[in-house]
Amino acid sequence: MNIGEAAAASGVSAKMIRHYESIGLLTPAPRSAAGYRHYAGRDVETLRFIRRSRDLGFSLDAISGLLDLWRDRGRASAEVKQMALAHVEALETKIAELQSMARTLHHLADACHGDDRPDCPILDDLARGGQDEACACHIE
């Protein structure tokens, strides 16, 4: 199949397919005499694997490692599980950080009158770098 068909079958754009080839996540497809890429079913499976991994937030480096493990039929599943759990931990840390940011912004927005006056606790906090002991704007 050509790149357009591989893109449709995998849910990965043609541009991203070329990118994944250029960085080594996908083996470059053989070319026809006219220079068109030709993809096989296994290439589409690999693209679906990459797309799903990206959907779950794995980095390109992590995806490279996961692809290596996926292709190694003699691998131990323990290594895959370890990578997944490490990623879960990183996601949970990021979620906690984002929730803290949201709480702080809610607090600041609640303190702001949101009217025609120029004084604004939100801008004041940003200007201070969040370093105001008198303001309980940082709810962890």
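Me: Which residues have the most contacts inside the largest nonpolar core?
Reply: In this predicted model, those residues are I17, Y20, Y39 and L47. The core itself has 19 residues.

Me: Which elements give two or more residues to this core?
Reply: They are α1 (3–10), α2 (14–22), α3 (41–55) and α4 (60–71).

Me: And which one gives the most?
Reply: That is α4, with 5 residues.

Me: Back to Y39. What is Y39 in contact with, leaving aside neighbours within four places in sequence?
Reply: Y39 touches M1, N2, I3 and A6, then I17 and E21, and also L26 and A29.

Me: Zooming out, how many helices and strands are there?
Reply: The protein has 6 helices and 0 strands. Read from the N terminus, the order is α-α-α-α-α-α.

Me: Is the protein spread out or a compact globule?
Reply: More spread out than a compact globule, because the radius of gyration is 24 Å, well over the 14 Å that the globule rule gives for 140 residues.

Me: What box do the C-alpha atoms fill?
Reply: Roughly 70 × 40 × 20 Å, along the principal axes.

Me: How many of the residues count as buried?
Reply: 24% of the 140 residues. The accessible surface is about 9400 Å², and carbon and sulfur atoms hold 56% of that.

Me: What share of the contacts with a separation of 6 or more comes from residues 24 or more positions apart?
Reply: Such pairs account for 48% of them.

Me: Charges next. How many positive and negative side chains?
Reply: There are 17 positive and 21 negative ones, and the centres of the two sets lie 13 Å apart.

Terms used. Residues numbered from 1 in each chain as written. Predicted model: local features only at pLDDT ≥ 70, side-chain atom pairs only at ≥ 80, totals over all residues. Heavy atoms only, no water. Core = buried A, V, L, I, M, F, W, Y, C linked by side-chain atoms within 4.5 Å. Buried < 20%, exposed > 50% of the residue type's maximum accessible area, 1.4 Å probe, protein only. Helix = DSSP H or I, 4+ residues; strand = E, 2+ residues; numbered from the N terminus. Contact = heavy atoms within 4.5 Å. Rg over C-alpha atoms; globule rule 2.2 N^0.38 Å. Areas by Shrake-Rupley, 256 points an atom, 1.4 Å probe, with all protein chains shown as cover. Lys, Arg positive; Asp, Glu negative; His and termini not counted. Charge placed at Lys NZ, Arg CZ, Asp CG, Glu CD.
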